[in-house]
Every structure is written in structure tokens, then in C-alpha cells.
Amino acid sequence: MPFHPSPAKPAFVPPAGAVDAHCHVFGPAARFPFAPERKYTPVDAPAETLFDLRDHLGFARNVIVQATCHGTDNAAMLDAIAKSGGRARGVAVLDETVTDAELERLHAAGIRGVRFNFLKRLVGDAPRDRYVKVAERIARLGWHIVIYFESEELEELSPFIRALPGTIVIDHMGRPDVTAGLGSEGFARVRALMDDPRFWIKVSCPERLTAAGPMYDDVVPFARALVEANPDRVLWGTDWPHPNMRSHMPDDGMLVDMIPRIAPTPELQRKLLLENPMRLYWPEEVL
Ligand SMILES: O=C(O)c1cc(C(=O)O)oc(=O)c1
């Protein structure tokens with residue numbers, strides 16, 4: 001599905017300098033072809049459109065996350081970061097054969113993390129031995145690891161994830177089954193990971209997790225519980241342009257207007273949208 005053509009202007013005004021800490025750029029395919037091994041082909045979602053959305057929503061910066069449809073070719077994301085005037089940084093997907101010189105180049109270009117995807121519908125069988133090698137390669141750069149999994153897989157996956165080194169950021173709340181309630185086993189396992197201070201989590205993607213649909217009332221308690229329990233280790237992002245959405249396309253303005261329901265105080269909002277992402281992605285600017 002194409003992204004929302006005219007998102008609402010949100011009523012909620014993010015703190016000055018706020019960071020959309022999870023979004024993507026796709027293509028344009030004519031210039032940045034999609035990976036042959038991809039599991040889906042999205043619509044073009046170029047940097048200029050992302051930056052217009054950033055301004056429209058009242059944000060100042062973006063963290064652009066490499067999506068599976070571009071494989072390990074990070075060129076579209078790097079091009080977007082280069083065009084951002086210092087207002088975007090990125091999370092790459094890498095092969096373990098990446099050279100040290102390439103890693104240095106990626107660091108200089110604004111990359112601060114790598115992403116490991118465990119969703120079968122996106123990557124088939126996750127190459128765990130390769131993930132371990134990539135984790136070893138990036139350790140000296142001070143980057144973090146972003147992981148995307150379904151909470152149902154956690155019983156089996158947790159030991160592997162816990163053995164990864166350094167800071168680990170969980171995508172999209174660890175994808176709990178919201179119909180199973182806050183007390184579900186899957187969500188308990190996500191929260192158990194968060195008991196380890198090396199773990200951070202993104203309270204993003206209500207549109208993917210909801211059973212009720214917009215306004216995503218069924219997802220709010222999950223996001224809020226994570227924010228209140230871990231105020232210094234939560235991030236928020238639009239997930240624009242919302243690849244693979246089939247039920248409906250979210251209005252990004254409405255997603256921003258959910259923030260006060262997830263982070264009800266100005267202090268929690270400041271941490272979620274500004275202080276936490278700045279610490280992780282622009283630490284040199286944090287006093
Ligand atoms: O749930 C998804 O379909 C999805 C896919 C990708 C990707 O293809 O990398 O990234 C996301 O953040 C979410």
C-alpha cells in the first residue's frame with residue numbers, strides 16, 4: 001500500500017529537536033534498485049518526502065533504518081543521510097565480510113548501528129552465525145544492534161539475543177500479541193529483556209500490532225507500560241512509509257497525536273523524543 005498522501009497536522013507539538021527514531025527510505029528504484037532476494041517490493045519513498053514529513057510533524061531529525069527490501073545495499077539510506085544536512089543518522093544491514101575500511105566509511109557517513117532481522121516473512125531463516133560475526137566486527141565502533149522479532153519467538157530466541165554484545169535496541173515493542181493482554185507470556189519475555197540495562201525498546205508501530213484498528217486503543221497500554229518502566233531506554237518512530245501494511249495505512253499525524261497517551265508527562269515525552277535518541281545517535285551533542 002502507498003503511504004498516507006496527506007497526513008494530518010498533529011495537535012501534539014514535540015519538544016524542539018525531536019527525533020523520529022525509526023523510519024525508512026525506499027528507492028527511488030530507478031536509482032537505488034531493490035534487492036533481488038527481497039520478500040516485498042514497496043512503493044518509492046524518497047528522502048525528500050521523508051524530510052517534508054519530518055517538518056510537517058514537527059520533528060527535527062530522523063534515524064533511518066535499513067529495510068530488508070534493500071538487502072545489504074545501504075546506498076539509498078546513505079544518500080538520504082548525506083542529503084539531510086546532519087539531521088539524519090542510520091542503522092545499516094551488513095554482511096560479515098564487510099571490511100574495516102567500509103565500516104569506517106559508514107561511521108563517517110552517519111551509521112551508528114546494525115540491524116538483525118528474525119522475521120521469517122522478511123528474511124526467511126535468520127543467519128545467526130553471520131549476525132554474531134557482524135556483532136564482533138562493529139563492537140570497536142561503539143555501535144548498537146537493532147533487533148526485530150516476534151514476541152512468540154522469544155522463548156527460543158532470548159538466549160541468543162542475550163549473548164549478543166553491547167547495547168541492543170528492540171524494534172516495535174518486540175511485537176507483542178496485544179489480544180493476549182499485558183500479562184501474556186510473550187510480553188513478559190520482552191519485559192524480562194528490558195530488566196537488563198543493555199536493552200532499549202522502540203514504542204512504535206501500533207498500526208502493525210493493533211487488532212482494534214485506529215486509534216489503536218488496544219496498543220496504548222503496552223507502549224505506556226514500557227515507557228513508564230524504562231523512561232531512559234525507550235525510543236519512538238513513525239515507521240514511515242509503513243512497508244507491508246495490508247489492512248490500512250496509518251495517518252502519521254495521528255501517530256504523533258498518540259504520543260501523549262504513551263508518554264503522559266512532558267518529562268517522559270522529552271526523554272522519549274529527544275534525550276534518549278540523542279544519547280544513542282548524536283552522543284557528541286549531549287553535554
Ligand atoms: O513489519 C514489517 O513488515 C517491517 C519490515 C521492515 C523491513 O523490511 O526491514 O522493517 C520494519 O521496520 C517493519
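A cavity is a set of points, on a 1 Å grid over the protein atoms alone, where a 1.4 Å probe fits but cannot get out, and its lining residues have an atom within 4 Å of a point. A molecule sits in a cavity if more than half of its atoms lie within 2 Å of its grid points. The model is predicted, with local features needing pLDDT of at least 70 and side-chain atom pairs pLDDT 80 or more, while totals for linings use all residues. Residues are numbered from 1 along each chain, and side-chain values use heavy atoms, without hydrogens and water.

The whole structure holds 2 cavities of 30 Å³ or more, a volume being the space filled by probe spheres set on the points. The largest cavity has about 110 Å³. Among its 15 lining residues, Arg115, Leu122, Tyr148, Arg208 and Pro243 are the closest to its centre.

The ligand sits in this largest cavity. Tyr40, Thr68, Arg115, Arg121 and Tyr148 come nearest among the 15 residues around the ligand, each such residue having a heavy atom within 4 Å of it. The protein covers 100% of the 330 Å² of accessible area that the ligand has on its own, by the Shrake-Rupley method with a 1.4 Å probe.

How values were computed
On a 1 Å grid over the protein atoms alone, a cavity is a set of points where a 1.4 Å probe fits but cannot get out, and a pocket is an open set with protein on both sides within 12 Å along at least five of seven lines; lining residues have an atom within 4 Å of a point.
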